[in-house]
Amino acid sequence: MKQTSNSTNYLAHLGKDIPSGLVVFFVALPLCLGISLASGAPLFSGVITGIVGGLLVAWLSGSQLSVSGPAAGLTVIVLNGIESLGSFEAFLLAVVLAGAIQLVLGFLKAGVIGLYFPSSVIKGMLAAIGLILILKQIPHFMGADEDFFGEMNFLQADGRNTFSEIGYAFTSIELGALLIGIISLTILLVWDNPRIKNSKLLKLVPGALVAVLLSILINVLFINFVPALAVGPSHLVNLPVLDGFSGLASELRFLDFTAVTNPTLYIVAFTIAIVASLETLLSVEAVDKLDPHKRRTNTNRELKAQGVGNMVAGLLGGLPMTAVIVRSSTNVAAGGQTKVSAFVHGIFLVLSVFLLAGFMNQIPLSALAAVLLVVGYKLTKPALYRTQLKLGHEQFIPFIVTVLAILFTDLLVGICVGLAVGVFYILKANYRSPYFYHKEEHKDKALIRIRLSEHVSFLNKASIILTLDHLPANSHVIIDGENSEHIDYDVLEAIQEFKRTAHERNITVEVLNVKEVSVLEMH
């Protein structure tokens, strides 16, 4: 695996990175707005974070393909944080402090935590995100969902869940939105055809751009000629329209330093830092698996980048940020090659705020839902499930448990459940392989050789104790640590305990190349 390099030739990939950045922008804009709405924060705060993630964090990060911005997984923390601190301005101070904590974690090299997540769990996370994108976008695709665009949790604010919302959508279809969604999806699928991809001219134009522009045109035609099919305002992008820099100043919020004496401030800041860091490390690990060039991200550098990003976002009135798997996977699916694509998405967010707000507000959400349906399918292709199944149950069960847990709860809870199952199988594997066991039958007694492996950790203790406990009586046992570089103290203690009591079963014990430790006797 290659580390990402500072010598990447960014100019050589502009032909793919600029169109990819545009596609990511189309997905990111409604997500930024929707997450702000769901968090109980000012609508503009999510866009600020998206801009900081694109213009600043993209260059500070070591990842070439991850895209940072406000995360749906933090909405509950933001909502509760604003409520417990009493104001959004006080909450911004917590965001800045959270960024400082992340910066410290980066210097302490805490990013190594991301390397301990099993591959099956990371692949399960990607597959689950793909399924959720498909299931959550179906109602928007039909023009029937009033919840915010980008909602990811199973249980929704309106009392419905992922599946009941789809059932409701079939009873409340907005025909115009559905038609626009179908046409947009058709364009995206056609644009994925090899003939289009091989065309020198057409391959430079993102299918998502064609779909979005055509969706606006179709809706204008509906408004003027078939009003009954016109898509209503609740199913269009809803970006604040600013009146120049004075309008921007009125939208920005700034820190309330009086909250510095509130103990709750530090609890909220620490919570944001830990959750945002975990989500970032998971997302970066997942994006590295999607990267066609198989580049590895320096996770400590990523934590530092996210820390600086959160400090700047908080100072400007933005929501907390993470590396976001939805935007990042969209970037990969759209053909992004380097961090220029994330930067381009940030530029388009700036342009949308200052110059294009009126135009952006004409985009039907059903067209953007079509983009995410395609991204979702690419993340959760049937081939992925077949591959994991072929790897055996030790890989497939943690994978499918992660998928189901994320689907029915949320990202972090699901990852923890999947991780617990993955660790179980890791422990089970360690349980089986700490030594080589050989038994020879002799006339008077059995000769059993137990040759310890190179590394024997405390995870192997249970296996070794059970093996020693079940050795046959009247046998001669040789425990040899000649090949062992390290034997954990817990295991040494277990061996000494066995040696001390083996005579009770008429077992003679010979211990070779294993350090002796004292065993405390309890009376």
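## Gly418 in helix H19

Gly418 is found in helix H19, which covers residues 411-432; here helices (H or I, at least four residues) and strands (E, at least two) are DSSP runs, numbered from the N terminus. The model is a predicted one, in which local features need pLDDT of at least 70 and side-chain atom pairs count only at pLDDT 80 or more, whereas totals for chains, interfaces and linings use all residues. Residues are numbered from 1 along each chain as its sequence is written, and side-chain values use heavy atoms, with hydrogens and water left out.

Is Gly418 buried or exposed? Gly418 counts as buried because its relative accessibility is 0%, where buried means under 20% relative accessible area, exposed over 50%, and partly exposed in between (1.4 Å probe, protein chains only). Not counting residues up to four places away in sequence, Gly418 touches Val121, Pro398, Val401 and Thr402, contact being defined as heavy atoms within 4.5 Å. Between Gly418 and Val47 there are 371 residues of separation in sequence and 32 Å in space, taken from C-alpha to C-alpha.

## The chain as a whole

The chain has 21 helices and 10 strands, and its C-alpha trace spans about 100 × 60 × 50 Å along the principal axes. Of the 523 residues in the chain, 52% are buried. Among contacts between residues at least 6 apart in sequence, 80% join residues at least 24 apart.

## Nonpolar cores

A nonpolar core is taken here as a set of buried Ala, Val, Leu, Ile, Met, Phe, Trp, Tyr and Cys residues joined through side-chain atoms within 4.5 Å. The largest such core holds 109 residues, of which Phe91, Met125, Ile129 and Val326 touch the most other members. Helix H5, made of residues 119-141, gives the most to this core, with 11 residues. Apart from it lies another core of 19 residues, among them Val491, Leu492, Ile495 and Val514.

Which residues does Val326 contact, leaving aside its neighbours within four places in sequence? Val326 is in contact with Val27, Leu31, Ile129, Leu133, Met152 and Leu372.

Ala41 sits in the loop between helix H1 (14-39) and H2, and it is buried because its relative accessible area is 12%. Setting aside residues up to four places away in sequence, Ala41 touches Ser36, Ile82, Phe88 and Leu319. The C-alpha atoms of Ala41 and Phe91 are separated by 9.9 Å, although the two residues are 50 residues apart along the chain.

Ser66 lies in the loop between helix H2 (43-60) and strand E2 (67-70), while Ser68 is found in strand E2 itself. Both are buried, with a relative accessible area of 8% for Ser66 and of 3% for Ser68. Neighbours within four places in sequence aside, Ser66 is in contact with Ser61, Val284, Val287, Glu302, Ala323, Ser328 and Ala342, and the contacts of Ser68 include Gly50, Val57, Glu302, Gln306, Ala323 and His345. The C-alpha atoms of Ser68 and Ser250, 182 residues apart along the chain, are separated by 25 Å.

## The largest pocket

The largest pocket has a volume of about 1300 Å³. On a 1 Å grid over the protein atoms alone, a pocket is an open set of points where a 1.4 Å probe fits, with protein on both sides within 12 Å along at least five of seven lines, and lining residues have an atom within 4 Å of a point. Grid points are joined across faces, edges and corners, and the volume is the space filled by probe spheres set on the points.

The lining consists of 42 residues, of which Val332, Ala333, Ala334, Gly335 and Lys378 lie nearest the centre of the pocket. By class, the lining has 22 nonpolar, 11 polar and nine charged residues, with Ala, Val, Leu, Ile, Met, Phe, Trp, Tyr, Cys and Pro counted as nonpolar, Asp, Glu, Lys and Arg as charged, and the others, Gly among them, as polar.

## Cysteines and positive phi

A search of the whole structure finds zero disulfides, a disulfide being a pair of cysteine sulfur atoms within 2.5 Å. Cys32 is buried, with a relative accessible area of 0%, whereas Cys416 counts as exposed at 51% relative accessibility.

Most residues other than glycine have a negative phi. Asn506, however, has a positive phi of about 60°, and it lies in the loop between helix H21 (489-501) and strand E10 (508-512). Asn513 also has a positive phi, of about 55°, and is placed in the segment after E10. Asn506 counts as partly exposed at 44% relative accessibility, while Asn513 counts as exposed at 53%.
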